[in-house]
Amino acid sequence: MPRPTLDSLRFVSIATAIVASACASDPPDGAAGDDQLTLATTHTASRFSAPPTIDGSLGEYAILPEITLASASSSADVRVAWDAQALYLAFDVTDATPLPASGTEGNMWNGDGVELMIDTANDRSSTADLNDYHFIVSSSGQLADSRGWSDYSYASGATVQVASRTGGYRVELKIPFAALGVTPSTGRQLGFDVAFNSRDVAGGPISSKDFAGLTAFNNPAGWGTLILGASPYTAPRLGTAPSIDGALGEFATVPAITLAGASGSADVRVGWNAQALYLGFDVTDGTLLPSSGAESNVWNGDGIEVMLDVAHDRSPTADLNDYHFLVSSSGQLADSRGWSDYAFASGATVKAVPRTGGYRVELRIPFASLGVTPTVGLQLGFDVAFNDRDVAGGALSSKDFAGLTAFNAPAGWGVLTLGPDTTMPPLPSCGDGVCDGSETCSSCAQDCGQCPSYGTTYYVRPDGGGATQCTGRVNAKYPGSGSNQPCAWSHPFIALPPHGTPRIAGGDQLIIANGSYMMGDGAPETTACNDPAGCIAAAPPSGPDAAHPTRIVGAEFASGCATKPELWGAGGAGAVLNLTNVNNVVLACLDVTDHANCVLDHSGGLACRETLPYGDYAWAGIYAIDSRGVTLRHLDIHGFAHDGINAGRIADWTFEDVRIAANGWAGWDGTVGTNSSNSGTLRFKRVTIEWNGCSETYPGRQPTGCWGQSAGGYGDGLGMYYTAGDWIFEDSVISHNASDGLDLLYHNGAGTITIERSRFEGNAGNQVKVRGDAIVRNNEVIANCGFFEGKPFTHHVDYCRANGNAFSITVDAGQKATLVNNTVYSEGDCLINGRSDQCAGPSSIVSKNNIYIAGTDFSEGDRSCFLYTACNQLTISNANDVVFNAKNGFCPAGNGNLCVDPQLVDSTPATFDGQLRATSPAVDSGLPVGGDVPGVDLTGKTRPSGGGVDRGAYER
């Protein structure tokens, strides 16, 4: 999926009391007047570049600043944004026992829920008047909207969505500005308060907590202030310092701030390196009338302005932390500190050059002159502007980034974040003297030094602290103050920071407490994220050896894993967990998912958003290349926009008690490039792979929008590209995937395939596709490949794709596939499709003790055939099989084979039960245990249980 390159966005909120004072000696600031700001407790709402989806998932708000409200037993995080149409609020409430009110709108306050108060005139009346609006949303989703506090006949047209979560609920609210009589603009101020209400016991008292610190909310005079802020700007780090020549070519890939005035416009681009801040202005203006004379007069004509608040303390007027730069269109520089101290000399370099219809300005400001040590993620107060005078002696017009009318107001300036380099970093090279990228002491002692003794345990829990606040080595919450405290970290990214070096070593154990952890841009430790798609946890360091793996585990990993911590991908992240170049690692007891009901490029209305903000989805759960000795245990990998797992070139992986479900393109896609071949032993035990090729609703977690190849999708449960290795499947279920269930058609023969005691059902393509030497025993295979037809969760599935066979088996010269004690039903073209790509020599399929039932061919309307092959070198031998109702009356002769009704408990596809009735001819009539015939059945029951071995998967 193509994506724009995007630097990490950072937002700012203000929660300080600022009293403005006028300074009569201040010079004019290049704008019309010098109005002052008077701010109470305030919050700045960031402007959305695209509206969020009102679905209660809140992913679009993840990187916005939060207002945190906390009472004795509950808390809420509140985030606010806006665009030209509406005000948006997101509440994430922690409350274990929500008890919402019911009944009329006037009663909604009397139970669990959230409140919003808006004073559109910001006239701060003592009680609510017709400029004041009140919104309440109960925890069950009922909206009460009123004007003047009690006029519930008012209808705002607000949209609301409430979503429950473990331990609380989320509320997302959209309020049209038109319903408030507001024309929004950057810098506009509204009276504002938010609150949440909680009742823990039916009939008990209700407690409330609000932003303004009130005990009675009908008091606009006491509300805080909401400022409609600008979209923030992130300046990328420049790999090469620009030449200050006015050409601006070095800024070509840097995102632009566009300022448009009545008769001119400017595109402004900002970058930085370790030495300086660089700005490029490209101004369109047909008439240039620059001022001349003293620095203090440069504002009074055509030119540009830059304002920087290096302390980011947002004072009402400029102080000694604030710097002001003006460059006239003729190239004269005025640099001042505290707005009027022109004795300040910044050492800035400037070049202004004319062009047809305008001019360009390039400006370099040394960080040393600002007292700034630049680092990725540093935020500065920031504004830029251009000034335009078209007639000598006429009016001066100005346009700035923050939307101010008077620029000497740092409290109203926007935010500049110093972002990372937008170019791809060089790949780490062992021996280059730098321990970086995926290098660890295990993989490159030359750069990273010898590994310390392994075995340290680290902890993550929601109430933990940051990397500098807590050591991570004690399972305790952060006490609220201090650094290097004996407490847990608050997020897995602190242990495995994206684009950073892991804080755990090979052989360590990271235990993650139950809770929900957003894994994507905006989570802790993501300041180095350039593109949200690449905001992925660092690969954990490899364990020293197979006996001492690195462990990333949920807290209940050793006690049955009844509850798992949720790691959910967001922001279009490429994956939640990265196992590239990782060996000897255990992942256990984790719920790996995302919070969006979308599929990348879906053709049926569920396509994921591919512009900012991307939303609460991730491409895949786990991504891995060149990885060996990994164990996945008690994982639930579900709901991703593309794949549950995208992994190739791996060896010796083990899956135990893993579910891979409802991932939009495939459960496991093994393609990672032209060389994707795996090796060693790939073992799957008690694994469920289901509903892949379908989206997953959120929060309902139900399949929807299932699609196949002809609709633009895919849908394999597990599909490998050319691969080697020994593949072993035991006690597993692969069902209801929108294409093939298990696709190992491209196995290259270097290794074997073993499938035992497993169930395949309802996959829209072939149920089982194998190649080479294989043994398939004690399985129930139900090829009802038309399952998806007419289902409410189906968008467009290719029913019985590739003929919908129960088995597709490829055996080339000298290879043999063995089928023993399986119960098989097919409504596809055939029960078995036998293939030999070269057909260059004898190959064989051996069938013993199986039960085969041919249903009505879904596509053709006749009976399914028993076997189809186009290779006369491929032979099949049957012994003690039951073949019933096959096309053209096919019946294998002799060798104890039967062609009668096997008398199953239920042979109806939708309710299939392959167990045998007492009168079944398959009872006690199979070949005895020994050789290929197993000593147990599909359920683990010992064979024989009667006078002989039963045919099929079940022993009666």
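This is a predicted model: local features need pLDDT of at least 70, side-chain atom pairs count only at pLDDT 80 or more; totals for chains, interfaces and linings use all residues.
1. A salt bridge is here a side-chain nitrogen of Lys or Arg within 4 Å of a carboxyl oxygen of Asp or Glu.

2. On the overall architecture, the protein has 4 helices and 62 strands. For 956 residues, a compact globule would have a radius of gyration near 30 Å, and the 33 Å of this protein agrees with that expectation. The C-alpha trace spans about 110 × 70 × 55 Å along its principal axes. Buried residues make up 56% of the 956 residues, while the accessible surface comes to about 33900 Å², of which 50% belongs to carbon and sulfur atoms. Of the contacts between residues at least 6 apart in sequence, 67% join residues that are at least 24 apart.

3. A hairpin that can be followed residue by residue is the one formed by strands E6 and E7. Strand E6 (residues 132-138) pairs with E7 in the antiparallel sense over 5 bridges, and in this pairing His134 stands opposite Ser146 of E7. The hairpin has 4 residues between its strands, and Gly141 takes a positive phi near 105 degrees there. Strand E7 (residues 143-147) is mostly covered, since 4 of its 5 residues are buried. As background for reading such a strand, side chains in a regular strand alternate between the two faces of the sheet.

4. A second salt bridge to inspect joins Glu730 and Arg757, whose closest N and O atoms are 3.7 Å apart. Glu730 sits in strand E43 (residues 726-730) and Arg757 in the loop between E46 and strand E47 (759-761), so that the pair links distant parts of the chain, 27 residues apart. Both partners are covered: Glu730 counts as buried because its relative accessibility is 12%, and Arg757 is likewise buried, with a relative accessible area of 17%. The two residues also take part in a network of salt bridges that links Arg683, Lys685, Glu730, Asp731 and Arg757.

5. Asp740 lies in the loop between E44 and E45, and Lys769 in strand E48 (residues 768-771), so the pair ties together parts that are 29 residues apart in sequence. Asp740 counts as buried because its relative accessibility is 1%, and Lys769 counts as buried at 8%.

6. His736 lies in the loop between strand E44 (733-735) and strand E45 (742-743). Its relative accessibility is 13%, and because buried means under 20%, His736 counts as buried. Leaving aside neighbours within four places in sequence, His736 is in contact with Glu690, Trp691, Asn692, Glu761, Gly762, Asn763, Phe787 and Phe788.

7. What makes up the nonpolar surface patch of about 300 Å²? The patch is made by Tyr721, Tyr722 and Tyr746. Tyr746 is placed in the loop between E45 and strand E46 (753-756), and its relative accessibility of 34% is why it counts as partly exposed.

8. Gly377 is found in the loop between helix H2 (367-370) and strand E22 (379-388), and it counts as partly exposed at 23% relative accessibility. Apart from neighbours within four places in sequence, Gly377 is in contact with Thr417, Leu418 and Thr527. Thr527 is itself placed in the loop between strand E27 (516-519) and strand E28 (550-554), and with a relative accessible area of 39% Thr527 is partly exposed. Thr527 and Val376 are 151 residues apart in sequence, yet their C-alpha atoms are 6.8 Å apart in space. By contrast, Gly377 and Pro205, which are 172 residues apart along the chain, have C-alpha atoms separated by 44 Å.

Conventions: Residues are numbered from 1 along each chain as its sequence is written. Side-chain values use heavy atoms; hydrogens and water are left out. Buried means under 20% relative accessible area, exposed over 50%, partly exposed in between (1.4 Å probe, protein chains only). Helices (H or I, at least four residues) and strands (E, at least two) are DSSP runs, numbered from the N terminus. Two strands pair if DSSP finds at least two bridges between them. Contact means heavy atoms within 4.5 Å. Patches are made of residues with over 30% relative accessible area and no salt bridge: like charges are joined within 9 Å, nonpolar side chains (Val, Leu, Ile, Met, Phe, Trp, Tyr) within 5 Å. Accessible areas come from the Shrake-Rupley method with a 1.4 Å probe; for residues, only the protein chains shown count as cover. The radius of gyration is taken over C-alpha atoms; the globule rule is 2.2 Å times the number of residues to the power 0.38.
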